[in-house]
Structures are given as structure tokens and as C-alpha cells.
Amino acid sequence: MPETERFIAYLRLLPQAKATPQQTTYPLTGVNPVVVGRDFRCQIVLDPTVYRSVSRRHIEISPLPGMATTEREWIWQICDLSSRNGTFINGVRLQGCKLLQTGDRIALGQNGPEFVFEQQSVEEMSPPSAPKAIPLPAPDLYSTAPSAARLSAARSRETVSLTQLFPILSTGRELAHKAYLIPAGITILFVVLLFLAIGHPFMFNFLLASYLAGAAYFFIYQLCGKHKPWWVLAIMVVSTAFILISPLLDVFIFIFHRLLPGDLSTTTAQTSPVILLIKMFFGAGLMEEVLKAFPVLILAWVGTLLKPPLRQQVGVWEPLDGILLGAAAAVGFSLMETLGVYVPATYKSAVAQLGQDAAQLAGLQLLIPRVLGLVAGHMAYSGYLGYFVGLSMLRRQQRKLILTVGLLTASVLHTLWNAAGMINPIFLTLIGGVSYAFLGAAILKARSLSPTRSQNFATRFIHKSGR
């Protein structure tokens with residue numbers, strides 16, 4: 001710590017009945033951040049055999065660079081490192097980071113160890129015999145002088161416990177939430193089913209397409225970070241697929257292909273690019289986005305008729321709800337379109353020329369990229385439109401403007417994708433990237449607007465984990 005500093009900050013661990021019968025003081029340095037946790041690499045190490053509710057890396061306390069008071073007193077902040085049981089400042093759960101004030105009580109979990117953050121001027125510090133007196137720490141305090149807690153933790157690591165030898169005894173209940181046990185179990189199930197389906201092309205294709213579509217949706221679900229019951233998402237998938245085999249599809253075709261200029265069957269090689277784009281916009285982009293949004297709007301209306309807690313589970317009350325339901329609708333649409341139209345058409349055209357085995361391979365080669373491309377295709381357009389459906393629930397007075405902008409934007413992206421496929425694969429890459437960027441931006445904005453933002457579990461690609 002520089003000699004010009006007039007204040008020393010430290011954490012005082014309050015005594016507990018069994019864990020800490022006496023107070024322990026941990027000085028902080030104005031040079032480096034201090035991490036508190038059970039991991040021996042932390043600057044303040046808590047005994048892992050005593051403080052089991054504390055995460056390996058629970059909190060980080062650091063001085064704000066370049067920020068100090070006129071009296072050369074550091075300004076400190078505390079950040080929760082995604083700890084399992086949370087951090088509480090004066091009884092209030094910490095979300096992210098917060099500036100510390102002298103006297104703040106820091107609890108690591110509701111029943112975990114409790115610290116008091118204090119700062120004291122060098123001039124006012126008591127003699128070494130006083131209870132609160134601490135020596136002036138050096139900048140390399142934590143690298144050269146191990147604390148008593150660190151030595152105690154080192155000794156405790158020499159003893160191997162039963163749960164260390166058999167980790168599943170202590171972490172088994174957390175596997176479903178923190179080790180992706182359920183996705184791994186689903187993957188194993190699909191692998192077994194795929195083995196059983198060998199020799200049955202339709203069943204094999206259906207299982208493979210379902211798994212790939214589910215994996216693509218799981219990626220979007222993790223990015224959104226909001227819980228939505230699986231049965232609500234399944235309803236969205238099934239209802240969208242049902243529209244494609246019901247008389248409702250004829251209604252959509254009549255409106256967009258007959259009443260509006262979306263009939264692509266009349267196009268020829270001489271059709272001008274402008275006319276072709278117009279037909280694609282009405283006959284593919286606009287029609288398919290309205291079709292996929294239809295069950296989302298129905299479910300949003302149904303949600304208003306229900307009572308809590310079903311009301312919140314089923315309905316669309318914020319943009320994240322709309323994105324999740326819109327993306328689920330895209331899964332149902334894409335599976336029906338791929339397995340019911342494109343793969344059979346490819347198989348039929350190839351079987352006469354290449355034989356049955358080669359035709360099946362051709363259908364499989366089409367299926368995989370079509371389904372994997374959901375995140376930059378149907379899922380991107382429908383999820384983006386779903387954002388606007390949810391936004392219209394938050395901004396009801398401007399609902400018409402919001403829905404119009406969302407529908408037109410999603411339809412234009414869809415149309416450009418279809419048109420790019422007729423020009424060059426390079427354009428497909430560009431439009432796919434742009435579509436996913438639109439969806440990603442919508443997810444980030446939806447998370448910031450979410451009324452339940454404090455409960456969000458969204459995936460963070462760059463994050464200091466405390467677990």
C-alpha cells in the first residue's frame with residue numbers, strides 16, 4: 001500500500017458459535033482485488049470443512065482504480081461471483097456489484113459467515129495490543145505472508161473426507177441444475193433411439209431433426225435466461241406444426257397468394273428481380289411470419305384469461321416471453337417443413353437417378369444444415385418478432401407501431417434469406433449472420449427490459465465464475 005494512504009480497509013469476520021469463536025481480521029490492500037472463498041487460491045481462504053455453504057470463489061472486493069476521496073481513502077466495491085447461496089449486504093441480497101460503506105455487514109449466504117467492512121485512519125489506529133489494531137499491509141501481502149486462515153485451510157486439505165472421495169454424495173442434488181444432467185440424459189436417450197431407428201429412414205430422420213432442433217432451441221433458451229415451462233413450449237411447437245396440416249393453411253395461402261401478390265407459382269426465368277422479391281415478401285416472408293406468430297398471439301390472449309400462477313407461465317408479459325414462444329413456434333414450423341416437404345421432395349427426385357440408398361443420404365444431407373440453421377433462420381425471424389409481441393405488452397399504448405415494425409423487419413429478413421439462396425451461398429452466410437445479430441440484440445435488450453431481471457440465469461460467455 002502506498003505510503004501516502006491515510007486509511008486502511010479490512011474485513012472483520014464476526015464470531016460464530018462453532019466456526020469462529022473469536023473475531024478474525026483480514027486487511028485489504030489498495031493494490032489488488034481480494035477474492036473470498038473456499039478455494040486455496042483465494043486471497044481470503046475460508047475453511048472448506050466448516051463453511052460448506054460458501055462457494056469456491058464467492059465474492060471479490062476491489063478498490064476502484066483512480067477513485068479515492070480527498071483524504072486519500074480508497075473507494076471499494078464488492079461483486080458476487082455467481083455464488084451458489086448468494087451474498088447479502090446488510091440483509092439485502094447482492095445483485096452484481098455494489099459500493100461498500102464503512103460498517104456494511106457482508107453475509108456469504110443466509111446462514112454463512114458474516115464480515116464487517118471497516119476503514120480506519122493510520123493516525124487513529126490503536127496500539128498492537130488493541131482488539132482492532134492491524135499492521136500496515138504491504139502490496140504483496142497475499143503472495144508472501146499467508147494468513148492464519150490460509151494455514152488452517154492448508155492443514156484441513158491434508159484430510160480427505162468421504163465426500164471428496166465420492167463427490168456424488170455431496171453434489172448429487174445439484175447435478176440437474178449445475179452440470180447439465182438433463183440435457184446430457186436427453187442426448188444419451190436420443191443416441192439409443194437413433195441406434196434403434198437404423199434401417200427406418202423416416203424415424204431416423206425425425207429423431208435426428210428433433211434432437212438438432214432441440215439443441216438449437218436450448219442455445220436460445222440459455223441466452224434468454226428466463227424459465228418457461230416445457231409443456232408451454234411443447235404446445236407452441238405442436239400447435240404451429242398442426243397449422244401446416246390443417247385447413248388454416250389454406251386460409252393463409254388464400255390471403256397471401258390470392259388476395260396479395262405472393263403467388264410464386266407464376267414466376268418464370270423472365271420474372272424481374274423486383275417482382276420476384278415482392279412475391280417472396282408476401283408469399284414466403286410475410287405469410288410464414290404471420291403464421292408462426294399466430295399461435296404466439298393466441299397463447300398471449302389465453303394468458304390474460306388465466307389466474308396466477310398459470311397466468312405468468314402461459315402468457316406473454318415481456319419480450320423474453322415472446323422470444324421463447326416465437327422460437328418454439330419456429331421449431332414446429334421448420335420440422336414440418338423439412339420432414340414433410342423438403343426431405344421427401346429431395347428423396348423423390350434423387351431415387352430415380354441415384355438409387356434408394358443415395359437418395360436417403362441426399363435427404364439426410366439436406367436435413368442437417370436446414371435444422372442446424374434454425375438459429376440464423378426461422379428461429380431468428382420468429383424470435384425477433386416475438387420480442388415485439390412481448391414489447392407490445394409492456395408498451396400497450398404503442399402496440400400497433402411496435403407490432404408493425406416487428407412484423408415488417410422479420411418478414412424482410414426472411415425474404416432476403418430466401419432471395420440470397422437463389423443467388424450465392426456467400427449471401428446466405430451474410431444474411432444468416434445479420435439475422436442472428438438481430439435476434440441476439442433483441443435478447444440483450446429483452447433481458448435489460450425484463451421485470452424479472454434479478455432472476456435471470458442467462459449464459460455469460462465472459463464471466464468470472466464463483467462456483
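Author: On a 1 Å grid over the protein atoms alone, a cavity is a set of points where a 1.4 Å probe fits but cannot get out; a pocket is an open set with protein on both sides within 12 Å along at least five of seven lines, and lining residues have an atom within 4 Å of a point. Volumes are the space filled by probe spheres on those points, which are joined across faces, edges and corners.

This is a predicted model, in which local features need pLDDT of at least 70 and side-chain atom pairs pLDDT 80 or more, while totals for chains, interfaces and linings use all residues. Numbering runs from 1 along each chain as its sequence is written, and side-chain values use heavy atoms, without hydrogens or water.

Start with the cavities. A search of the whole structure finds two of 30 Å³ or more. The largest cavity has a volume of about 40 Å³. Its lining consists of E289, K292, A293, V296, G326, S382, L385, G386 and V389. By class, the lining of the largest cavity has four nonpolar, three polar and two charged residues (Ala, Val, Leu, Ile, Met, Phe, Trp, Tyr, Cys and Pro are nonpolar; Asp, Glu, Lys and Arg charged; the others, Gly among them, polar).

Now the second largest pocket. It holds about 890 Å³ of space. The lining has 35 residues, and E288, E337, Y342, R370 and H378 lie nearest the centre. Helix 9, helix 10, helix 12, helix 13, helix 14 (378–394) and helix 15 (399–423) each give two or more residues to this lining. Helix 12 gives the most, with eight. The lining of the second largest pocket divides into 19 nonpolar, 12 polar and four charged residues.

The axes of helix 12 (residues 319–354) and helix 13 (residues 356–372) come within 8 Å and cross at roughly 150° (axes are fitted to C-alpha atoms, over the stretch in contact, and angles run from 0 to 180 degrees between N-to-C directions). Helix 12 is therefore roughly antiparallel to helix 13 (under 35 degrees is roughly parallel, over 145 roughly antiparallel, 65 to 115 roughly perpendicular, the rest oblique). The crossing of helix 12 past helix 13 is right-handed (the near helix is turned clockwise from the far one by less than a right angle; anticlockwise is left-handed). On the helix 12 side, the contact includes E337, Y342, T346 and L354 (contact means heavy atoms within 4.5 Å). On the helix 13 side, Q356, G363, L366 and R370 are among the partners. This contact of helix 12 with helix 13 counts 13 nonpolar, six polar and two charged residues. E337, Y342 and R370 also belong to the pocket residues nearest the centre.

Helix 12 has another partner. Its axis and that of helix 16 (residues 425–449) come within 8 Å, crossing at roughly 145°. P319, L320 and I323 of helix 12 meet L439, A442, I443, A446, R447 and L449 of helix 16. Those residues are eight nonpolar, no polar and one charged.

Helix 9 (residues 248–259) and helix 10 (residues 273–305) pack at about 140°, with axes 10 Å apart. They are therefore oblique to each other. Helix 9 passes helix 10 in a right-handed crossing. L248, L249, F252, I253, F256 and H257 of helix 9 touch F282, G283, L286, M287, V290, L291 and F294 of helix 10. The contact of helix 9 with helix 10 has 11 nonpolar residues, two polar and no charged.

P309 sits in the loop between helix 10 and helix 11 (310–314). The peptide bond from P308 to P309 is cis, with omega near 5°.

Technical notes
Helices (H or I, at least four residues) and strands (E, at least two) are DSSP runs, numbered from the N terminus.
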